[in-house]
Amino acid sequence: MAAVEQKKQYAVVKDFKGVNTKNNRTVIENGEFGWLENAMPVGFGNLRIIEGNQVVNASAWAANVTYMGSVNISNNEYVLGFQDDGSAQYVNLTSGTKGNIAAAGTFSNSDVMITQWKNERALIIDPNNGYKTWDGTDLHDIGAVNLVTVTAGGSGYTAANTSVSFGTPNQANGVQATGEVVIVGNAVSEIIVTEAGTGYTSAPTVTITGDGSNATANCTILDQSGTDIATFSGRTWIASDRTVFYTAADTYNDFVNASAGFLTITDSTLRTNITRILSANNFLYVFGEDSINVFSDVRIDSVVGVTLFTNTNVSASVGSSLKHAIFPYFRSILFMNEYGVYALVGATTTKISDPLDGVFTSIDFTDFVSGGQCLINNILCAVYNFKYNDNGTDRWIQAAFFERKWFFTNQLTNSYFVVPGVKDGILNLYGSTGTNLYQFYEDATNPVEVDIKTALLPMGDPIRDKQALKIGIEATLGTVPILLTAYVDSESAQSPAIEFANSIFWTNNASQTIDWTNSSSDIIGWLAGISPGAGYYLYRSDAKMYGKYLGISITSDATPFTINGFQFEHELRARF
């Protein structure tokens, strides 16, 4: 008696949900992926292959970059690069020009940080070489007048006829300090600094003139180093060890007047030192390795003129030592540490990186970890850049997050550092390798290496074996031929490679491909089953694979296209 023909069954996957490395491929959801590199799960039936990088400026930097930051000065967008030889350069994203900020040896070879004041200047803090400012043209030591001491009050002075002046700055185009004189009993009692100045490398002379005589004074200049800097509530804030220093109201350089000051955090919640200060969402966030404080409600006491603010601890157990991996994202602060990525919303920290748990053990946290927010396919994403040990091979990849979904990208062989920056009103991500500056996710003609592994599907019955008969990959293509290499996976094996192409190749009897060219000597691709601009194409093939679970792996080196779905035809076989 003839055997009963097995009924063919089908499965289609279109609900794309992102990568999940925490769980085995046999138990992740149908729309999740065991690996997802350079493919963005935008939505249902929309797995979009991303664009490659574009060179912004070759040899933008004089040496290897150890830190990059972005600022806007006079409506010009800049990326500033600080190198391991202590030099600094800029690339103007608006004009595309580059130039020097400082020669080698000016800055420390690591741990320099920047922010911006209004859109007037970049503020730069160096752990060893102090506080500096760059206005798009000149670099100055802040070198502000810090303390004025009246050494002799003199006699015969009246307030109306007495003034004070400070010597000119040592550095060209620095800001000259100014002040006012307080007279008590016809003697000079005090000198109030009204402009602290910049560009002083040594204390300027203090000259008192008026209708009296014999008054003298001297001053000191600011020598403020630190490990991070931020602008918040009309002031500059500088972190150093466990202390945060802040300037007087509406200044970036006045650390001497009444509304300037400092706060040293003595609470045990900060176990070591401050690693990062960040201004966002009407708060100044103060990060330690395992704690987070927020400063808020900054105001000036109406009686004595000192600055008041609240200091609240919002996390006594979770923080980060990765200062370049802390940034705002919508109304949240995202931060990465050695065991996860967290979102701080209000006073609540929530881990959002559970799907990446299988990756964290292979991240090299001794090297740079950096990140920022940027637009990918016009969707605002949070992106982290790190060195990843991929089965014994170290490589730099990016983990991107949006709408509770994660995917990976690989934009450069060695993307040591990334920073967000704005160009033409669009928030982009910029990366550096060696001395070059690149814009990520920008060039549709630059192919990326795609690596996709779907879930291993039980096909409705995890107990029974399945025989794969056919697979299909639905895609929306442009006019460029797209080549895919696919594999049918089971829980224990992988099929031989299946080469998919939507183009026809002409070969000679030696199996060599014959190129067709037009009158401009351009190579012409012959498209199979799709006319230019037609869009939809179904890659399909017979498949040979047995297993209780079936899935598909895809690799490609292609310009952007969109995968719309995965199709399986299979038959059920024996149980157990």
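These legends go with several close-up views of one predicted model. Residues are numbered from 1 along each chain as its sequence is written, and side-chain values use heavy atoms, with hydrogens and water left out. In this predicted model, local features need pLDDT of at least 70 and side-chain atom pairs count only at pLDDT 80 or more, while totals for chains, interfaces and linings use all residues.

View 1. Helices (H or I, at least four residues) and strands (E, at least two) are DSSP runs, numbered from the N terminus. The C-alpha trace spans about 125 × 60 × 35 Å along its principal axes. The radius of gyration of the chain is 31 Å, whereas a compact globule of 576 residues would have one near 25 Å. That radius is taken over C-alpha atoms, and the globule rule is 2.2 Å times the number of residues to the power 0.38. Of the 576 residues, 52% are buried. Buried means under 20% relative accessible area, exposed over 50%, and partly exposed in between (1.4 Å probe, protein chains only). Among contacts with a separation of 6 or more, 60% join residues 24 or more positions apart. A contact means heavy atoms within 4.5 Å.

**View 2. Phe-44 sits in the loop between β4 (39–43) and β5 (46–49).** Phe-44 is exposed because its relative accessible area is 62%. Leaving aside neighbours within four places in sequence, Phe-44 is in contact with Lys-14 and Asp-15. Lys-14 is 30 residues from Phe-44 in sequence, yet the two are 5.7 Å apart, C-alpha to C-alpha.

**View 3. Val-303, Val-304, Val-306 and Leu-308 form a nonpolar surface patch.** Together they have about 330 Å² of accessible area. Areas come from the Shrake-Rupley method with a 1.4 Å probe; for residues, only the protein chains shown count as cover. Patch residues have over 30% relative accessible area and no salt bridge; like charges are joined within 9 Å, nonpolar side chains (Val, Leu, Ile, Met, Phe, Trp, Tyr) within 5 Å. Val-304 lies in the loop between β27 (292–300) and β28 (307–315). With 53% relative accessibility, Val-304 counts as exposed.

**View 4. The side chains of Asp-141 and Lys-132 meet in a salt bridge.** A salt bridge is a side-chain nitrogen of Lys or Arg within 4 Å of a carboxyl oxygen of Asp or Glu. Here the N to O distance is 2.4 Å. Both Asp-141 and Lys-132 are buried. The structure holds 20 salt bridges.

**View 5. Arg-271 and Asp-290 pair in a salt bridge between two loops.** Their N to O distance is 3.6 Å. Arg-271 is in the loop between β24 (261–264) and β25 (276–280), and Asp-290 in the loop between β26 (283–287) and β27, so the pair ties together parts 19 residues apart in sequence. Arg-271 counts as exposed, at 65% relative accessibility.

**View 6. Lys-351 forms a salt bridge with Asp-354.** The closest N and O atoms are 3.4 Å apart. Lys-351 is partly exposed, at 28% relative accessible area. Asp-354 is also partly exposed, at 33%. Salt bridges that share partners join Lys-22, Lys-351, Asp-354 and Asp-357 into one network.

**View 7. Cys-374 is in no disulfide.** A disulfide is a pair of cysteine sulfur atoms within 2.5 Å. The nearest cysteine sulfur to Cys-374, that of Cys-381, is 6.1 Å away. Cys-374 counts as buried, at 0% relative accessibility. A search of the whole structure finds 0 disulfides.
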